[in-house]
Amino acid sequence: MSELPTPSLPQESGLPPLDAEGLLKLYREMVLIRRVEELAAKAYTMRKILGFCHLYIGQESVAVGAASATPDDYWIAAYREHGHALAKGVSANAVMAELFGKATGTSLGLGGSMHIFDKDAKFMGGYGIVGGHVPLANGVGWAIKQRNEGRVCLCYFGDGAAHQGAFFEALCLAQLWKLPVVFICENNFYAMGTSIDRQSHLTDMSLRANGVGMAREQLRGFDVEHVRERVGAAAKFAREGNGPVMLEIITYRHRGHSMSDPAKYRPKGELEEYKLNSEPLALTKRRLEQDFGVSAERIAAVHQEVEAVAEEAWNFAESSPDPDPATLYDHVYAE
Amino acid sequence: MALIPIREALRAAMREEMQRDPSVFLMGEEVAQYDGAYKVSQGMLAEFGPDRIVDTPISECGFAGLGIGAAMVGMRPIIEFMTWNFSLVAYDQIVNSAAKIYQMSGGQYKVPIVFRGPNGAAENLASQHSTSVESLYAHFPGLKVVTYATAYDAKGLLKSAIRDDSPVCFLESEMTYGMKGEVPDEEYLIPIGKADIKAEGSDVTLVTWGKQVFTCQAAVETLKSQGVSAELLDLRTIRPLDREALFNSVAKTGRCVVVQEGYPFSGVGAEIVAQLQEHCFDLLDAPVLRITNRDVPQPYATNLEKLVMPSAERVVTAARRVLGLER
């Protein structure tokens with residue numbers, strides 16, 4: 001038996017530690033995702049948002065921490081991607097307008113909740129076939145490598161996607177060609193309603209990387225600073241030409257799989273336990289107050305500011321025009 | 001003018017496009033060191049190197065998806081499937097990603113990619129290696145589906161496909177890679193979406209594409225000897241369909257037979273018949289007939305396989321039926 005030729009990630013990301021202002025900025029981004037999605041949930045119950053709507057509430061520290069480590073890198077995500085888009089810098093107005101199906105949305109109202117794209121932000125979408133987008137990340141990695149861009153591609157998916165053939169093929173190719181891709185499995189323990197122990201013999205999805213000899217790490221994702229640091233280390237590793245990385249980031253979604261899911265499959269008390277001890281916003285708030293001495297007033301001001309942005313997003317979306325029926329065929333073939 | 005086999009015409013198209021545009025690369029199984037399973041890419045590794053002529057593991061879903069992602073950020077991949085039969089394990093990538101990304105991103109991300117490889121039956125390859133996939137891909141808005149019969153068309157169309165900003169499924173044939181044809185020395189392009197009249201006639205239109213052009217050419221000769229003037233329309237592009245050329249030919253002849261490989265049920269022929277009855281009903285003097293593969297998985301035995309495939313005899317009989325010469 002040969003030993004696993006699995007490389008190790010660097011101990012440190014090399015990113016400068018966050019000061020109070022830096023952490024407060026990340027806190028603000030998490031609160032913004034939370035509030036935009038709470039408003040989206042409200043809009044959904046009012047039938048202003050239709051179709052599928054998968055909320056990220058509870059997982060905000062993952063996207064926000066990762067964005068802080070990879071501001072100029074490419075991201076590609078699945079269908080629970082409002083939070084990733086906002087973290088990557090896509091405007092709340094355009095995200096909300098897309099959810100409302102308006103012409104001012106990120107995808108002109110053509111994509112909806114699952115298909116948010118913003119080329120300027122290097123946010124390469126939201127995809128609705130579980131695991132189907134993972135191979136695309138390798139293509140971005142391929143282009144980065146050929147053009148010596150010095151960037152990486154972060155590819156997000158859930159624990160459910162780690163059972164798809166497309167995912168396994170993508171890991172094989174990424175490692176074979178040492179592509180600068182960081183695969184991020186956000187393990188929230190439920191693939192729709194099927195819990196992780198009912199889906200998989202191994203419940204640490206990062207172990208999937210061992211089969212292809214890829215660098216891997218499992219981490220808890222509730223502390224935004226920790227996510228920033230470890231995603232930073234993974235991105236540094238990939239950026240420096242050492243090949244791809246597979247991270248499993250443990251997280252927890254507070255809502256159902258989608259708006260129509262009451263999430264009755266959870267054991268009693270599980271959600272409450274996570275809300276009490278692993279709530280990313282509460283953890284960061286406590287850290288700001290206790291370790292950085294940020295005042296309650298300052299934090300309240302952040303909430304107030306975010307509230308205005310989220311409400312403005314709602315108003316913008318609501319007052320925006322529907323797509324013009326004359327444009328129906330405009331984006332089938334590129335000229 | 002040079003007389004070259006189709007595989008060399010395809011290779012010339014790829015070489016010229018790779019010389020003019022550094023973002024073009026070829027990726028697939030055995031395309032580099034092995035020189036291509038059917039020698040289409042012979043010598044290209046030596047010319048362009050391993051970063052642009054790329055051997056892959058047997059992982060169609062993985063490398064088709066890689067091509068799509070690379071296309072989104074400005075590269076122009078040519079993804080070779082050793083045969084289109086194998087594309088079915090990459091079907092989700094082509095259909096749900098390549099075809100839809102431009103639209104679902106609100107026009108932000110183009111996907112300029114070519115998927116190419118041999119399509120349809122060769123000989124005695126049995127059920128899993130003989131599928132004609134045109135209807136499977138032409139079904140989807142967002143994809144273009146292009147094919148050819150001659151070396152001239154093969155080169156001009158593949159060059160256009162590589163330059164196209166939308167995903168193109170480019171369908172070749174193992175059976176005709178060695179078939180020679182005249183190809184000009186100077187550069188030329190053939191536009192996608194333009195059919196070509198391969199033989200002019202006035203009594204009946206035979207509509208076809210790909211290597212069935214040759215079956216129909218034989219039928220045209222037989223019909224001629226029987227005093228029937230058949231027009232042979234080679235679609236060359238399945239999607240977007242050149243409806244103008246189709247309708248003009250049928251307006252002239254008033255009678256039509258569609259000849260296709262692949263199954264009749266939901267086949268491309270069914271779409272053409274539907275288009276003709278919608279738009280040319282008053283111009284038709286007889287119902288449109290189809291000659292297709294028989295509706296069974298491809299059998300291995302030679303006699304049964306011959307029975308399954310379109311043949312000149314079947315085409316002649318159908319043409320005579322729409323002309324009222326046979327029942």
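Leaving aside neighbours within four places in sequence, which residues is Met246(A) in contact with? In this predicted model, the partners of Met246(A) from chain A include the aromatic residues Phe157(A), Phe167(A) and Phe183(A).

Met246(A) belongs to the largest nonpolar core, which has 90 residues. Together with Phe183(A), Ile101(B) and Phe115(B), Met246(A) touches the most other members of that core. Both domain 1 (2–183) and domain 2 (196–322) of chain B give residues to this core, so it lies between them. Apart from this core lies another, of 68 residues, with Leu9(A), Val31(A), Val182(A) and Val306(A) among them. As general background, nonpolar side chains in soluble globular proteins tend to be buried together.

The contact draws 38 residues from chain A and 43 residues from chain B. Between chain A and chain B the count of salt bridges is zero, whereas 15 residue pairs are in polar contact across their interface, both residues being at pLDDT 80 or more. Helix H5 (134–146) and helix H6 (165–176) of chain A are the elements that give two or more residues to the side of chain A that touches chain B. Of the elements on that side, H5(A) gives the most, with eight residues.

Domain 1 of chain B contributes 31 residues to the contact and domain 2 of chain B contributes 25 residues. The two domains of chain B bury about 2100 Å² between them, 58% of it on carbon and sulfur atoms. Asn124(B), Glu134(B) and Thr147(B) supply 24% of the area that domain 1 of chain B buries against domain 2 of chain B, more than any other three residues. Two salt bridges are found across this domain interface. Elsewhere in the list of charged pairs, Arg236(B) forms a salt bridge with Asp153(B), with the closest N and O atoms 3.0 Å apart. From S6(B) come four residues, the largest share of the side of domain 1 of chain B that touches domain 2 of chain B.

Over all chains, the structure holds 39 salt bridges. One of them joins the side chains of Glu60(A) and Arg34(A) at 2.5 Å, N to O. This pair links helix H2 (residues 60–69) to helix H1 (residues 20–45) of chain A, the two residues being 26 residues apart, and both Glu60(A) and Arg34(A) are buried. In chain B, the side chains of Glu16(B) and Lys159(B) meet in a salt bridge of 2.6 Å, N to O. Glu16(B) lies in helix H1 (residues 6–20) and Lys159(B) in helix H7 of chain B, 143 residues apart. Glu16(B) is partly exposed, at a relative accessible area of 22%, whereas Lys159(B) is buried, at 0%.

Technical notes
Residues numbered from 1 in each chain as written. Chains lettered and ligands numbered in written order. Predicted model: local features only at pLDDT ≥ 70, side-chain atom pairs only at ≥ 80, totals over all residues. Heavy atoms only, no water. Core = buried A, V, L, I, M, F, W, Y, C linked by side-chain atoms within 4.5 Å. Buried < 20%, exposed > 50% of the residue type's maximum accessible area, 1.4 Å probe, protein only. Domains from an automatic or database assignment. Contact = heavy atoms within 4.5 Å. Salt bridge = Lys/Arg side-chain N within 4 Å of Asp/Glu carboxyl O. Polar contact = N/O pair within 3.5 Å; in protein donor to acceptor, adjacent residues only side chain to side chain. Buried area = accessible area lost by both parts, 1.4 Å probe.
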